[in-house]
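Please look at the sequence and the 3D structure shown below before reading on.

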Amino acid sequence: MREKVLIVDDQFGIRTLLNEVLQKEGYEIFQAANGLQALSVTEQHAPDLVLLDMKIPGMDGLEILKKMKEINPDIRVIIMTAYGELDLIEQTKKLGALAHFSKPFDIEEIRSAVKKFLLVNSDRTAT
C-alpha cells in the first residue's frame, strides 16, 4: 500500500510543487488549503505524514496540529514556516512535530525528510 502524504499550505504554488515532487516518489498525495480541509482529509484518509504550514489564514498551523493530534495522537507531522519563530517551533515540537523547515526550503531536504520519516513509520508497522 502506498504511503499517504497530506500537504497543508494556503499557497497553491507550494502545494503544487510538493505534490509533483512527492508523487514522483510514489506517494499518494492529498492537499488542503486551510485547516478545515486538512482536518477533513485527516479524518477521511488517515495520512501517514503531514507537511503543515504554520501561517494559514483562519485556523493557524498550531491549532491545526493540536486538532490533528486529537483525531490521531500518532500522526506524523513536519512543520513548514516562513518565519524563524523559535517559540512557535518549540510549541510544535512539544506537540510531537518531527522536524521543521523554513521557507524557502530546499526541495531535496523535504524529499529526504519525507522518505526518512515514512521509512521509520513503515519499520514500526512491520515489527
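## Terms and basis

An axis here is a line fitted to C-alpha atoms, for helices over the stretch in contact, and angles run from 0 to 180 degrees between N-to-C directions. Helices (H or I, at least four residues) and strands (E, at least two) are DSSP runs, numbered from the N terminus.

This is a predicted model, in which local features need pLDDT of at least 70 and side-chain atom pairs count only at pLDDT 80 or more, while totals for chains, interfaces and linings use all residues. Residues are numbered from 1 along each chain as its sequence is written, and side-chain values use heavy atoms, with hydrogens and water left out.

## Two helices side by side

Two packed helices are described by the angle between their axes and the distance between the axes. The axes of helix α2 (residues 35-45) and helix α3 (residues 61-71) come within 10 Å of each other and cross at roughly 20 degrees. That makes α2 roughly parallel to α3, because angles under 35 degrees count as roughly parallel, over 145 as roughly antiparallel, 65 to 115 as roughly perpendicular and the rest as oblique.

Where the two helices are in contact (heavy atoms within 4.5 Å), Gly 35, Ala 38, Leu 39, Thr 42 and Glu 43 of α2 meet Ile 64, Lys 67, Met 68 and Ile 71 of α3. The residues of this contact divide into five nonpolar, two polar and two charged, where Ala, Val, Leu, Ile, Met, Phe, Trp, Tyr, Cys and Pro count as nonpolar, Asp, Glu, Lys and Arg as charged, and the others, Gly among them, as polar.

## The sheet

Five strands form an open sheet in the order β2-β1-β3-β4-β5, and the pairing is parallel; two strands pair if DSSP finds at least two bridges between them. Strands β2 (28-32) and β5 stand at the edges with a single partner strand each, so one side of each is left without a neighbour in the sheet. Neighbouring strands of this sheet are turned by 20 degrees against each other on average, direction ignored.

How is strand β3 (residues 49-53) covered? Five of its five residues are buried, a word that means under 20% relative accessible area, with exposed meaning over 50% and partly exposed in between (1.4 Å probe, protein chains only). Leu 49, Leu 51 and Asp 53 lie on one side of β3, and Val 50 and Leu 52 on the other. Strand β3 pairs over four bridges with strand β1 (residues 4-8) and over four bridges with strand β4 (residues 77-81). Leu 52 stands opposite Val 8, and in β4 its bridge partner is Ile 79.

## Single residues

Asn 19 has its place in helix α1 (residues 12-24) and is buried, with a relative accessible area of 15%. Not counting residues up to four places away in sequence, Asn 19 touches Ile 7, Ile 29 and Gln 31.

Most residues other than glycine have a negative phi, and most peptide bonds are trans. Ala 46, in the loop between α2 and β3, has a positive phi of about 45 degrees although it is not a glycine, and Ala 46 is partly exposed, with a relative accessible area of 44%. A cis peptide bond, with omega about -5 degrees, joins Lys 103 and Pro 104, and Pro 104 lies in the loop between β5 (99-102) and α5.
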